[in-house]
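Got the model open and wondering where the labels come from? Let's go through them by question and answer.

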Amino acid sequence: MKLADVLVKPIISEKSNKLSEKRNIYAFRVGRKSNKLEIKKAVEDFYGVSVVNVNTVVVPSKSKSRFTKAGVISGRKPAYKKAYVTIAEGENIDLYSTL
């Protein structure tokens with residue numbers, strides 16, 4: 001698997017911001033077939049930091065429905081994989097930089 005396919009995007013939410021400020025843990029949405037070793041290598045290559053630990057979780061799909069003029073439309077949101085990456089003390093990742 002190519003390293004560009006491993007990291008999809010960083011997750012920016014209240015929970016991930018609190019984790020990054022207090023415990024140096026950053027959240028990323030990753031490819032479904034990527035494993036912890038590939039995620040570690042991708043983060044180290046893209047951001048230039050040393051990774052201490054990687055935890056992954058597969059978020060299950062959800063069923064959604066909405067009411068329209070034509071009636072009820074129901075569907076599913078896809079499942080995805082997310083990784084919590086702990087980096088070394090004293091290092092940080094700037095997710096808000098404009099390049």
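Q: What makes R29 and Y80 a charge-over-ring contact?
A: First, a reminder that this is a predicted model. R29 lies over the face of Y80, 4.0 Å from the ring centre. The distance cut-off for a charge over a ring is 6 Å, so 4.0 Å passes.

Q: Which pocket do R29 and Y80 line?
A: Both line the second largest pocket, together with V59, P60, S61, K62, K64, K77 and P78. That pocket has a volume of about 170 Å³. Its lining divides into 4 nonpolar, 1 polar and 4 charged residues.

Q: Why is the contact between D45 and K41 called a salt bridge?
A: Their side chains meet at 3.4 Å, N to O. The limit is 4 Å between a Lys or Arg side-chain nitrogen and an Asp or Glu carboxyl oxygen, so this contact counts. A search of the whole structure finds 1 salt bridge.

Q: Where do D45 and K41 sit in the chain?
A: They are 4 residues apart in helix α3 (residues 36-47), which puts about one helical turn between them.

Q: Why do D45 and K41 count as partly exposed?
A: D45 has 47% relative accessibility and K41 has 46%.

Q: What makes F28 and Y47 an aromatic pair, and why is the pair called tilted?
A: The count comes to 1 aromatic pair. In it, the ring centres of F28 and Y47 are 5.7 Å apart, with 35° between the planes. Centres have to lie within 6.5 Å, so the two rings pair; stacked needs under 30 degrees and edge-to-face over 60, so 35° makes the pair tilted. The pair links distant parts of the chain, with F28 in strand β2 and Y47 in helix α3, 19 residues apart.

Q: How do you know whether F28 and Y47 are buried or partly exposed?
A: F28 has a relative accessible area of 1%, and the cut-off for buried is under 20%, so F28 is buried. Y47, at 32%, lies between 20% and 50%, so Y47 is partly exposed.

Q: What lines the largest pocket?
A: The lining has 13 residues, with N17, S20, Y26, I93 and Y96 nearest the centre. Helix α2 (14-23) and strand β2 (25-30) each supply at least two of the lining residues, and α2 gives the most, with 4. By class there are 7 nonpolar, 5 polar and 1 charged. About 190 Å³ of space lies in this pocket.

Definitions and conventions. Residues numbered from 1 in each chain as written. Predicted model: local features only at pLDDT ≥ 70, side-chain atom pairs only at ≥ 80, totals over all residues. Heavy atoms only, no water. Buried < 20%, exposed > 50% of the residue type's maximum accessible area, 1.4 Å probe, protein only. 1 Å grid on protein atoms, 1.4 Å probe; cavity = no way out; pocket = protein on both sides within 12 Å on 5 of 7 lines; lining within 4 Å. Points joined across faces, edges and corners; volume = space filled by probe spheres on them. Nonpolar A, V, L, I, M, F, W, Y, C, P; charged D, E, K, R; others polar. Phe/Tyr/Trp six-rings, centres within 6.5 Å; stacked < 30°, edge-to-face > 60°. Lys NZ or Arg CZ within 6 Å of the ring centre and 35° of its normal.
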